[in-house]
Amino acid sequence: MIKTYREPGREIPVQDECDILIVGGGAAGHSAAVAAARAGAKNIVIMERYGYMGGDATGGYVIMVPNLSWYDKSFVRGIQEEWFTRLEKIPGAVRGPSLDKIGLTDPALIHPWKAIHDCVSRGGYGGAKPSCLVRAVYFEPNQLKIEMDKMLLEHKEAIRVQYHSWGTRPIMDGNTIKGIIYESKEGRKAIFAKIVIDATGDGDIFSQAGAPYESMADKITRACTTALVWRIGGINYDAYYEWQQAHPAEMQALRAGLQRVAGFRCIPLPSNQNDICWINNWHSNRDCTVVKDQSETEINTRNTMRDVLEYLREAVPTAFRNAYLYDIAPQLGTRCSRRLIGEYVMTPEDFAFANQHDDVIAWHSTICQINDCGPVEIPYRCILPRNVENLICPGRHLSADGIAIDWLNLIPQCVGTGQAAGVAAAVAVADSSTARSVNIRKVQDILVDQDVPLPRNAKFEAKDPSYRQCVEEHEYGLYTDKAKMAKEYLEKHGAMGADFFQGF
Ligand SMILES: Cc1cc2nc3c(=O)[nH]c(=O)nc-3n(C[C@H](O)[C@H](O)[C@H](O)COP(=O)(O)OP(=O)(O)OC[C@H]3O[C@@H](n4cnc5c(N)ncnc54)[C@H](O)[C@@H]3O)c2cc1C
């Protein structure tokens with residue numbers, strides 16, 4: 001029996017009243033605010049518990065976005081691509097193949113990018129597909145923090161930013177959300193809103209509003225782990241890549257050695273600079289909403305950093321001889337915890353059968369190998385909760401099963417669903433409709449105006465039919481052996497089991 005304390009009721013001040021309230025300023029929440037303002041909303045509040053935007057992408061030092069393109073088409077555009085076209089003006093802030101080079105297969109062009117993980121497609125399939133350059137971008141997280149503020153300031157007449165404010169409870173009227181109670185150094189206060197966007201990544205709001213949700217992703221997935229990212233300076237990443245090519249057996253031993261020294265899986269990955277790498281890590285089966293798991297992830301990672309550094313210095317001196325601890329991410333790396341069970345739940349079937357959705361809001365190339373990282377349609381219904389009105393839930397807690405979530409909650413999908421949530425909220429407010437009854441055609445047209453490619457949209461088709469031609473010509477990526485196996489497996493078992501997923 002857990003000991004409890006009855007908290008007395010009390011009057012609290014109403015800090016603000018707005019049309020759209022966004023809780024959480026990560027990739028999803030920030031995109032929602034910007035997109036809503038650009039879609040004409042005038043009265044927006046964005047609330048964030050820390051003092052900067054970006055969440056995992058800035059404070060968690062998750063400094064790369066993969067697979068923004070497929071063949072020669074950049075499927076993930078909109079606000080996600082805008083991050084990089086803006087940062088490209090700042091010397092050294094980003095690294096990755098430029099938009100005009102994606103899809104090129106010339107070995108001489110590809111060669112310099114081979115060291116940089118995911119910048120070159122894997123190719124293969126019996127010679128059906130040569131390797132090509134992929135739009136994958138590494139960025140400096142502190143420059144992105146600055147840029148994200150600037151993007152909000154460009155709409156300062158419409159967006160009010162509340163940093164250091166922690167949304168704690170939804171204010172409900174029956175099954176309709178009316179606002180949020182939050183805590184800050186100023187105490188406990190309320191904000192009322194017509195539409196609330198839960199972009200906390202952990203469903204902090206929908207989980208208390210009565211929306212059904214799942215917990216952790218499948219144990220076998222990347223999503224079912226926590227992390228504390230840190231960076232190492234004084235290295236030579238090119239030399240590390242050359243060493244890997246020359247010593248494949250030793251590379252296997254290095255991976256095992258790092259796991260032994262740290263006690264969990266960790267690996268150096270490239271960054272926007274050749275002399276800095278980030279150490280990505282995976283603490284298995286940890287829930288980033290459980291304080292014990294959060295605390296142990298922080299302590300255990302920090303406690304092994306010096307040993308990992310020493311190990312790398314000795315194992316690969318050509319690259320790590322002068323390596324030093326550059327910095328540690330200011331916040332915990334959170335991959336997945338509570339997952340919405342929305343009006344639609346995405347599953348591996350969406351990838352294996354190229355499912356089409358009338359309410360598609362993003363058509364993203366992803367990291368899924370079933371369809372060779374080809375574009376998949378993400379419907380509005382998977383950010384729309386069941387049972388709760390006027391709440392939209394974009395970002396890493398979107399509605400997907402315990403396996404499909406692994407391919408769907410990376411930064412691009414969080415930005416994409418966030419952008420769509422912002423536009424949907426703006427349309428609902430302007431038309432005096434609700435989040436559920438919003439005119440989805442209008443939302444889709446505005447998204448296309450905001451540089452988001454969408455399938456079967458007349459405006460987009462008139463603007464650029466080559467995206468449709470690309471997916472038709474390349475069979476939606478379903479030429480892989482994995483696609484055939486996944487189809488057979490799904491037809492037989494109904495859902496993808498961990499045994500099948502293990503092969504990815
Ligand atoms: C170590 C690691 C490596 C990864 N690698 C990659 C990769 O290589 N490429 C890739 O694309 N993706 C990667 N991902 C996934 C990706 O980073 C995240 O899924 C994505 O950034 C999540 O964006 P989000 O906006 O949905 O959530 P978050 O980034 O978690 O943002 C949520 C925001 O809400 C705030 N917040 C939370 N609760 C509250 C509250 N109650 N009140 C107020 N504010 C609140 C948080 O402070 C945060 O700013 C990785 C993730 C991790 C942890």
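Colleague: At what angle do helices H12 and H13 pack?
Modeller: H12 (residues 411-430) and H13 (residues 440-449) pack at about 125°, with their axes 9 Å apart. That makes H12 oblique to H13 (under 35 degrees is roughly parallel, over 145 roughly antiparallel, 65 to 115 roughly perpendicular, the rest oblique). Axes are lines fitted to C-alpha atoms over the stretch in contact, and angles run from 0 to 180 degrees between N-to-C directions. Helices are DSSP runs of H or I, at least four residues, and strands are runs of E, at least two, numbered from the N terminus.

Colleague: Where do the numbers come from?
Modeller: This is a predicted model, where local features need pLDDT of at least 70, side-chain atom pairs count only at 80 or more, and totals for chains, interfaces and linings use all residues. Residues are numbered from 1 along each chain as its sequence is written.

Colleague: Which residues of H12 and H13 meet?
Modeller: In H12, Gln 419, Ala 420, Val 423, Ala 424 and Val 427. They meet Lys 442, Val 443, Ile 446 and Leu 447 in H13. Contact means C-beta atoms, placed from the backbone, within 7 Å.

Colleague: And how do H1 and H12 cross?
Modeller: H1 (residues 27-38) crosses H12 at roughly 35°, and their axes come within 7 Å. Among the residues that meet are Ala 28, Gly 29 and Ala 32 in H1, and Val 415, Gly 418 and Gly 422 in H12.

Colleague: New topic. Is Cys 266 buried or exposed?
Modeller: Buried, because Cys 266 has 23 C-beta neighbours inside 10 Å (20 or more is buried, 12 or fewer exposed, in between partly exposed). Cys 266 is in strand S13 (residues 265-270).

Colleague: What does Cys 266 contact beyond four places in sequence?
Modeller: Leu 258, Ile 279, Asn 280, Asn 281 and Val 308.

Key. Contact = placed C-beta atoms within 7 Å.
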